[in-house]
Amino acid sequence: MDHTKPLIHGEEGSMLTGRGIGVAVLDTGCFPHEDINNQIAVFCDMIRHRPAPYDDNGHGTHVCGIIAGNGVSSGGRYAGIAPGCSLIPVKVLDRRGNGYTSDVLAGLRWVRKHQEEHNIRIVNISVGSFPCRNMSENSALVCGVDAAWDDGLIVVVAAGNMGPKDGTITTPGISRKVITVGCFDDDQEVRVMGTRMVNYSGRGPTAACVCKPDLVAPGTSIASCAPRSHAYATRSGTSMATPLVAGAIALLLEKEPSLTNRDVKLRLRETSTDLALPRNRQGWGLLNLKNLLNPSAGE
């Protein structure tokens, strides 16, 4: 994010940073960039089974920086949402950003197995499969994220960049349990995966007539960590909007650690800002961090 270090305060005036909250990031891995290296609690590689953190694509590093970057290499200019949280990068995608359902499912099983050990409360999945006839709520990916949700994890998933037609939410974002995030500023033309796109954020409803996304967040031209020392890059897409929501939830859980995943989802629904757009475009509305952390402020 292109802003100064976040100064978000709790009721007693202490700064909220997501301290003590573990966020698993299923993506292309994570380069040990100076802004996030100290936040990496453990690294798991489902692709090449390497023990040390790495990212041969850059997507995962960018996502991790949005969540937990402290902005040290930029003098605080490019800081993440929750710089005090713990990152648990799980590499499930290869250097091209592609992967197999089996690797994503293996990553989810690993997270579920180790969630108490690393206090993993949130799972960020900026990964999606194209909508197709066999991608129903009974598909393996949806069952995988639903199982993680049923274990108490707060699963935050990208809506995908297949819009603007109806029914373009990617899997596993079609799950009715998880929190699916779209991009609210996709009316600006950007380059996503090498292609010029506009109005790309996935729209609902799902094939089961479930309204999605659940909410939207900024996703256009987001600056964050690159897979090189002291370097930053700008990316766009629902992959960038999703970690903004994950980071916001980390702040909320630091302030109110007893909240369940259902509590968090309800809080997001109650505090998002209605943009007066169709429900299958905006969900409940735009993430409102101030209201999320202090819901009485929006009354």
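**Notes on the predicted model**

1. Helix 1 comes first. Its buried residues are His59, Gly60, Thr61, His62, Val63, Cys64, Gly65, Ile66, Ile67 and Ala68. The helix spans residues 59-68 and is mostly covered, with ten of its ten residues buried. The cover includes strand 1 (22-27), strand 3 (86-91), strand 4 (120-125), strand 10 (222-225) and strand 11 (232-235). Helix 4 (238-255) is also among the elements covering the buried residues of helix 1. Please keep in mind that this is a predicted model.

2. The largest nonpolar core holds 72 residues. Leu26, Ile122, Val155, Ile249 and Leu268 have the most contacts inside it. Helix 4 gives the most to this core, namely eleven residues. Another core lies apart from it and has five residues, among them Cys183, Val190, Val192 and Tyr200.

3. Setting aside neighbours within four places in sequence, Val155 contacts Val123, Ile125, Val145, Ala148, Trp149, Val178 and Ile179.

4. Which residues of helix 2 and helix 3 meet? From helix 2 they are Thr101, Val104, Leu105, Leu108 and Arg112. From helix 3 they are Ala140, Leu141, Gly144, Val145, Ala147 and Ala148.

5. On the aromatic side, the structure holds two aromatic pairs. Phe43 and Tyr54 form one that is edge-to-face, with 5.8 Å centre to centre and 65° between the planes. Phe43 sits in the loop between strand 1 and strand 2 (44-45), and Tyr54 in the loop between strand 2 and helix 1, so the pair ties together parts eleven residues apart in sequence. Phe43 and Tyr54 are buried.

6. The ring centres of Tyr78 and Tyr232 are 4.8 Å apart and the planes stand at 45°, so this pair is tilted. The pair links distant parts of the chain, 154 residues apart. Tyr78 belongs to the loop between helix 1 and strand 3, Tyr232 to strand 11. Tyr78 and Tyr232 are both buried.

7. Arg50 lies over the face of Tyr54, 4.7 Å from the ring centre. Lys265 lies over the face of Trp149, at 5.7 Å from the ring centre.

8. Asn261 is in helix 5 (residues 261-271). Is Asn261 buried or exposed? Buried, because its relative accessible area is 8% and the cut-off is under 20%. Not counting residues up to four places away in sequence, Asn261 touches Trp149, Gly152, Leu153 and Ile154.

9. Cis peptide bonds need a look. One joins Gly163 and Pro164, with omega about 15°. Pro164 is in the loop between strand 5 (154-158) and strand 6 (179-183). The bond from Gly204 to Pro205 is also cis, with omega near 0°. Pro205 falls in the loop between strand 8 (195-197) and strand 9 (215-217).

10. Positive phi is next. Asn119 is not a glycine, yet its phi is positive, about 50°. Asn119 lies in the loop between helix 2 and strand 4. With 34% relative accessibility, Asn119 is partly exposed. Ala276, another residue other than glycine, has a positive phi near 60°. Ala276 is placed in the loop between helix 5 and helix 6 (279-282). With a relative accessible area of 70%, Ala276 is exposed.

Methods
Residues numbered from 1 in each chain as written. Predicted model: local features only at pLDDT ≥ 70, side-chain atom pairs only at ≥ 80, totals over all residues. Heavy atoms only, no water. Helix = DSSP H or I, 4+ residues; strand = E, 2+ residues; numbered from the N terminus. Buried < 20%, exposed > 50% of the residue type's maximum accessible area, 1.4 Å probe, protein only. Contact = heavy atoms within 4.5 Å. Core = buried A, V, L, I, M, F, W, Y, C linked by side-chain atoms within 4.5 Å. Phe/Tyr/Trp six-rings, centres within 6.5 Å; stacked < 30°, edge-to-face > 60°. Lys NZ or Arg CZ within 6 Å of the ring centre and 35° of its normal.
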